[in-house]
Structure formats: C-alpha cells, structure tokens
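Here's a quick tour for anyone meeting this protein for the first time. Take a look at the model, then read on for the main points.

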Amino acid sequence: MEKRRTYRDFSDREVSDEILKRVIGAAFKAPTNDHLRQFEFVVVRGRENIAKIIAPLAKNVAAFKELVAEVDESGDKDKMAMFADALPKQQKMLMESGLLIIPFFRQLTCPLLKPTEQSSLNYFASAWCAVENMLLAATAEGLGAVFHIPVADEAKQIKELVHAPEGYEFACLLTIGYPAESAFLPKQKAINVEERIHELQMLH
Ligand SMILES: Cc1cc2nc3c(=O)[nH]c(=O)nc-3n(C[C@H](O)[C@H](O)[C@H](O)COP(=O)(O)O)c2cc1C
C-alpha cells in the first residue's frame, strides 16, 4: 500500500500472461455485495488495438477538462500539478504499456446511472473494491497502474465497441505496465491521520 501510486508513464516491456492472471485473480479476492463475484475482464493487447477501443476519448478531452474544473473549488497547488500532468496523458497513458484491462461487472436491479437508494450502487462499489485489489496486486508485481473513468458518452461507445452483453457495465479503463524510468509522480498529499479520526463521545 505504501508503494501504490498512479503511474501515467510506461515502458513497452510486456506484462506476461502469468502476471496478468495474478492481477486479475486479485479482483476475485475482494468483497462482493451478492457473494457472486460477477466480474468479467476484457483484455486488449497492443497499442494499435487499444487505440481503436479508446478512440471515443479523443473528442471528449474537453468534457474531461470541464468535469475537472467543476470539482475544483480549492485552487490547491498539488492538485493542479497533478492535473497539469494527467490531463494531456489520458489517451497516451492507456496505450503506452500495450495492455488495457476493462473490468466489467454485472449490474442487476436498477440501471447504474439511475440508483434509487445507496445500496443500488452495491455492484459498482464491489467492482471498485475489485479494482483496488488489482492496483495493489499490480504494485506487488513491480507494475504501475492508472485508470481513466469514462466521461460523457465514452462508456456507451466502448461497450458497443467490445460488444458487451446487456446488463454489464465497466468501472474504468485500466492500464497496468512497467513504469517508464522517467515516470513523473505528482507529489502526494501528506495527511495527518490523527486529525482525521473523530472519536465520538457519547452524550448522556
Ligand atoms: C474515482 C477516481 C477517479 C480517477 N480518475 C482518474 C482519471 O480519469 N484519470 C487519471 O489519470 N487519474 C484518475 N484518478 C487517479 C487520481 O488522480 C490519483 O489517484 C490521485 O491523484 C492520487 O495519486 P496517487 O494515486 O498516486 O496516490 C482517479 C482516482 C480515483 C480514485
């Protein structure tokens, strides 16, 4: 956990099938809301193939920037440094290592974007527990990882491109790979954990 970072610069050294299997295997060790672990992983190898799958991202860079601007109320310098590095790399970072993983999950009950209560998001939450396990497993293998969250109509288009069956959604576009020697890592926020722990004093 101490070593996990978001890498956005990769070498072209290939990740073996064996390592890939271990990283995907870690997804199935995560907790899951309905016990079923209904995850399916689309794997795309090779920069040219990946370019075809992520083509819908090209016209959406503006939408992504807008989204970033919307959530920015802080003017935080570390955060802006991260975005200055990350924004132009959204497409390149997904192709560079030559390995893209699309983690799909079964979305039963209501549609993902029409939750009716917090627990409607359980399938989504389980998928993200699985993704975090994969990030940690990749780190343990000496790999870097990064993911792009689909914005605007990217998810819809990518589901069509990979012929995803009805009732499945994907959490993100995930890349794992060997970090480039010159990989840039934005400064992480130093958090004082004690300040974030709020022990409740029961009132009598
Ligand atoms: C929900 C979520 C969405 C994110 N979306 C993106 C993304 O679309 N593109 C990207 O390059 N990084 C994305 N990130 C990575 C964050 O920028 C990164 O985790 C953060 O800057 C902290 O850096 P660290 O992971 O190296 O500790 C996302 C992270 C989370 C948890």
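With 204 residues, a compact globule would have a radius of gyration near 17 Å, and the protein's 18 Å agrees with that. (That radius is taken over C-alpha atoms, and the globule rule is 2.2 Å times the number of residues to the power 0.38.) Keep in mind that this is a predicted model: local features need pLDDT of at least 70, side-chain atom pairs count only at pLDDT 80 or more, and totals for chains, interfaces and linings use all residues. Residues are numbered from 1 along each chain as its sequence is written.

**The big picture**

- The protein has 7 helices and 5 strands, where helices (H or I, at least four residues) and strands (E, at least two) are DSSP runs numbered from the N terminus.
- Reading along the sequence, you get the pattern α-β-α-α-α-α-β-α-β-α-β-β.
- Taken along the principal axes, the C-alpha atoms fill a box of roughly 65 × 40 × 35 Å.
- Buried residues make up 28% of the 204 residues; a residue is buried if 20 or more other C-beta atoms lie within 10 Å of its own, exposed if 12 or fewer, and partly exposed in between, with C-beta atoms placed from the backbone.
- Among contacts between residues at least 6 apart in sequence, 88% join residues at least 24 apart; two residues are in contact if their C-beta atoms, placed from the backbone, lie within 7 Å.

**The strands and who pairs with whom**

- Strand β2 (residues 99-106) has 6 of its 8 residues buried, so the rest of the structure largely encloses it.
- β1 and β2 pair in the antiparallel sense over 7 bridges, and glutamate 40 stands opposite phenylalanine 104 in β2. Strands count as paired if DSSP finds at least two bridges between them.
- β2 also pairs with β4, again antiparallel, over 3 bridges; here phenylalanine 105 faces glutamate 169 in β4.
- A further antiparallel pairing, over 2 bridges, links β2 to β5 (residues 173-177), with leucine 174 in β5 as the bridge partner of isoleucine 101.
- β5 is mostly covered, with 5 of its 5 residues buried.
- Both faces of β5 are covered: Leu173, Thr175 and Gly177 are buried on one side, and Leu174 and Ile176 on the other.
- β3 and β5 run antiparallel and are joined by 5 bridges; histidine 148 has leucine 173 in β5 as its bridge partner.

**Around the ligand**

- The shell consists of Arg5, Thr6, Arg8, Met82, Ala86, Gln90, Val146, His148, Ile149 and Gln188.
- By class, the shell has 4 nonpolar, 4 polar and 2 charged residues. Ala, Val, Leu, Ile, Met, Phe, Trp, Tyr, Cys and Pro count as nonpolar, Asp, Glu, Lys and Arg as charged, and the others, Gly among them, as polar.

- The buried residues of α7 (residues 154-161) are Glu154, Ala155 and Ile158. Seen down the axis of α7, they fall within an arc of 95°, so they line one face of the helix; that arc is the one made by the directions from the helix axis to the C-beta atoms.
- On the other side of α7, Lys156 and Glu160 are exposed.
- What covers the buried residues of α7 includes α2 (47-53) and β4 (168-170).
- Histidine 163 follows α7 and has a positive phi, near 55°.

**Spots worth a look in the loops**

- Histidine 35 is found in the loop between α1 and β1 (39-45), and its phi is positive, near 75°, in a residue other than glycine. Histidine 35 counts as exposed because 7 other C-beta atoms lie within 10 Å.
- Arginine 37 is in the loop between α1 and β1 as well. Arginine 37 has a positive phi of about 50° although it is not a glycine, and its 16 C-beta neighbours inside 10 Å make it partly exposed.
- Serine 11 sits in the segment before α1 (17-27) and is partly exposed, with 16 other C-beta atoms within 10 Å.
- Leaving aside residues up to four places away in sequence, serine 11 touches Tyr178 and Ala180.

Notes:
Near = placed C-beta within 6 Å.
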